[in-house]
Amino acid sequence: MADLGVRVAGLELRNPLLLASGIWGESGESLAGAWRAGAGGVITKSIGSVPRTGYPNPTVEPYERWGMLNAMGLPNPGIDEYPREIETARAAGALVIGSVFGATAEEFAALAARIEATGVAAVELNLSCPHAEGFGTEVGGTPDDVEAIVRAVVRSVRVPVIAKITPNSADPAGLAAAAERGGARAVSAINTLRAMAIDLRLRRPVLSHGLGGLSGPAIRPVGVACVWQIYDRVKIPIVGVGGIGSADDVLEYVMAGATAVEVGTAVAFDGIAVFGRLRDALSGRLEELGFDRLTDAIGAAHAGRSAPAA
Amino acid sequence: MRVTDVVRETPSTVTLRFPYAPAIDPGQFVMIWLPGDDELPMSVSYASGPSKGVTIKGMGATSRHFQAVRPGDWVGIRGPYGNRFDPTVRRLLVVAGGSGAAVLAPAAEAVRARGGDVGVALGATTRAELLFRDRFAALGATVEVATDDGSDGTRGFVTEVVARWLERERFDAVWTCGPEVMMEKVARLGAARGLPVVFAVERHMKCALGMCDACALGPFHVCVDGPVFPAERLLGATEFARFHRDAAGRRRPF
């Protein structure tokens with residue numbers, strides 16, 4: 001059995017498969033369920049300063065197997081109510097990473113400190129939601145903004161900070177480099193690609209918000225390319241995200257330079273059991289490809305490059 | 001698709017009928033979209049044949065707007081989603097509170113179609129709100145009613161009807177849908193006699209695909225693990241009948 005353990009941002013993960021933010025993250029029991037299903041760690045729904053109901057439905061438009069369009073609108077119960085959900089997940093033994101979103105560097109820093117107090121192992125910053133006014137990509141769209149937000153958060157918490165960056169940029173790798181300069185211990189890439197679906201008979205966008213974000217297998221090659229480019233620009237570990245549904249998908253990201261990955265949309269297509277299946281298949285596939293441990297495959301597609309320091 | 005028929009069932013409920021080809025089993029639900037407004041999960045109240053239907057109670061703004069839909073108006077439908085009732089029951093007691101009858105009527109019809117016997121305990125605030133009373137009766141089912149105001153049948157809770165009925169007649173199963181406190185009581189009455197009790201459960205929904213977590217209920221997601229649950233999977237082990245979550249994911253007590 002190939003060794004699946006990895007070290008990301010100082011965290012020792014039993015396997016590289018993280019539950020992506022926004023999936024199964026509203027209730028602590030769901031986070032615990034993802035952990036029991038085999039995830040190497042679980043990332044909470046992105047939490048803000050105050051409760052948000054998100055956009056009206058339709059908030060998702062599923063495509064056949066290849067993709068998923070969504071604009072949830074960052075629904076969350078707010079940082080005052082959410083900690084008990086984290087407590088539930090931690091009580092089940094889950095390694096929990098807290099995701100937060102803010103409108104300013106100060107708000108990010110304050111939220112990160114609040115969520116750190118719940119005992120999360122790390123904080124992931126949502127700098128990349130493509131469809132929320134005043135948040136996400138709108139505050140994390142330039143290297144200067146990313147660096148300033150990450151720097152403010154790093155000053156306010158002790159736990160490692162992971163910056164989740166947007167692919168809706170001319171230079172995602174430049175955003176990752178800015179996160180590293182700001183003190184991030186890892187970057188995750190990518191969030192969803194800005195996207196839209198239109199109902200022809202009704203002559204209007206399907207999603208209530210109009211614009212949304214595309215996830216699922218369709219965006220995997222985009223994510224792999226982003227990770228590839230980021231690997232050439234930063235020394236911190238990369239968490240690959242986007243369209244992962246098989247062990248080969250995981251290893252594509254790993255060979256492009258990812259140390260760990262996030263799995264999200266596959267949960268809609270295959271259920272939460274996808275984590276156990278990926279974990280089991282990953283070990284065998286690594287051996288077939290001649291690797292004793294997953295860490296040996298990190299960046300393997302970049303000839304002559306060594307794995308990044310954790 | 002365009003709505004073909006609009007039927008006012010009771011003062012608070014309206015049925016929308018529309019052509020929709022996919023096969024739907026009793027218990028399953030669809031996401032029905034009112035363009036420009038919102039999209040709601042709705043149990044299918046007419047599940048067989050090419051013309052499907054949902055019966056909507058005026059609860060919030062969107063459900064009231066759905067009640068203003070006219071024949072020829074457009075709605076969006078996706079689904080069906082969720083699991084179903086197992087219609088292979090010989091002697092079934094249905095316990096419906098208010099609009100809970102919407103999902104139980106096609107379920108009772110499926111049991112009758114297989115030759116099973118059905119009794120229906122139907123509860124509502126007042127006589128005019130007894131949903132699908134005639135439809136159940138047309139099945140040949142015995143229907144006993146309870147109303148909060150005593151305008152028909154037993155004055156009080158439908159669970160009082162159930163308690164008396166279980167004393168005098170033997171059933172193989174009890175299916176119930178309505179307020180969760182009512183369903184919890186029905187489960188206790190059924191358990192006391194060793195009867196399997198099955199719930200149809202409602203939660204706030206967004207994706208309906210088992211992904212967004214809006215409909216989390218204990219370790220389950222109502223959209224894919226439900227909406228039909230054996231009572232013992234929910235009672236005690238989850239927040240059933242204690243709280244639900246709103247659109248922001250905040251816990252809201254019943």
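## A residue in helix 9 of chain A

A:R285 lies in helix 9 of chain A, the helix that covers residues 274-288, and it should be kept in mind throughout that this is a predicted model. Because A:R285 has 18 C-beta neighbours inside 10 Å, it counts as partly exposed, given that a residue is called buried at 20 or more such neighbours and exposed at 12 or fewer.

Which residues is A:R285 in contact with, once its neighbours within four places in sequence are left aside? They are A:A247, A:D248 and A:L251. For A:D248, which is 37 residues away from A:R285 along the chain, the separation between the two C-alpha atoms is 7.6 Å.

## Two packed helices in chain A

Two packed helices are described by the angle between their axes and the distance between the axes. For helix 3 (residues 105-116) and helix 4 of chain A, the packing angle is about 35 degrees and the axes are 8 Å apart, while the crossing of helix 3 of chain A past helix 4 of chain A is right-handed.

Which residues of helix 3 of chain A meet helix 4 of chain A? On the side of helix 3 they are A:A105, A:E106, A:F108, A:A109, A:A112 and A:A113, and on the side of helix 4 they are A:A148, A:I149, A:A152, A:V153, A:R155 and A:S156. Sorted by class, this contact between helix 3 and helix 4 of chain A has 9 nonpolar, 1 polar and 2 charged residues.

## Where the two chains touch

The contact between the chains takes 29 residues from chain A and 21 residues from chain B. On the chain B side of this contact with chain A, the residues divide by class into 12 nonpolar, 3 polar and 6 charged.

## Chain B as a whole

The secondary structure of chain B comes to 7 helices and 17 strands. Its radius of gyration is 17 Å, close to the 18 Å that the globule rule gives for 254 residues, so chain B is as compact as a globular protein of that length. Along the principal axes, the C-alpha atoms of chain B fill a box of roughly 50 × 40 × 35 Å.

Of the 254 residues in chain B, 52% are buried. When the contacts in chain B with a separation of 6 or more are considered, 60% of them are accounted for by residues 24 or more positions apart.

## A loop residue in chain B

Where does B:R127 lie in chain B? B:R127 belongs to the loop between strand 8 (117-124) and helix 3 (133-138) of chain B, and because it has 15 C-beta neighbours inside 10 Å, it counts as partly exposed.

Leaving aside its neighbours within four places in sequence, B:R127 is in contact with B:T147, B:S151 and B:D152. B:D149, which is 22 residues apart from B:R127 in sequence, is 8.4 Å apart from it in space, C-alpha to C-alpha.

Methods
Residues numbered from 1 in each chain as written. Chains lettered and ligands numbered in written order. Predicted model: local features only at pLDDT ≥ 70, side-chain atom pairs only at ≥ 80, totals over all residues. Helix = DSSP H or I, 4+ residues; strand = E, 2+ residues; numbered from the N terminus. Contact = placed C-beta atoms within 7 Å. Nonpolar A, V, L, I, M, F, W, Y, C, P; charged D, E, K, R; others polar. Axes fitted to C-alpha atoms, helices over the stretch in contact; angles between N-to-C directions. Left-handed = near helix turned anticlockwise from the far one by under 90°. Rg over C-alpha atoms; globule rule 2.2 N^0.38 Å.
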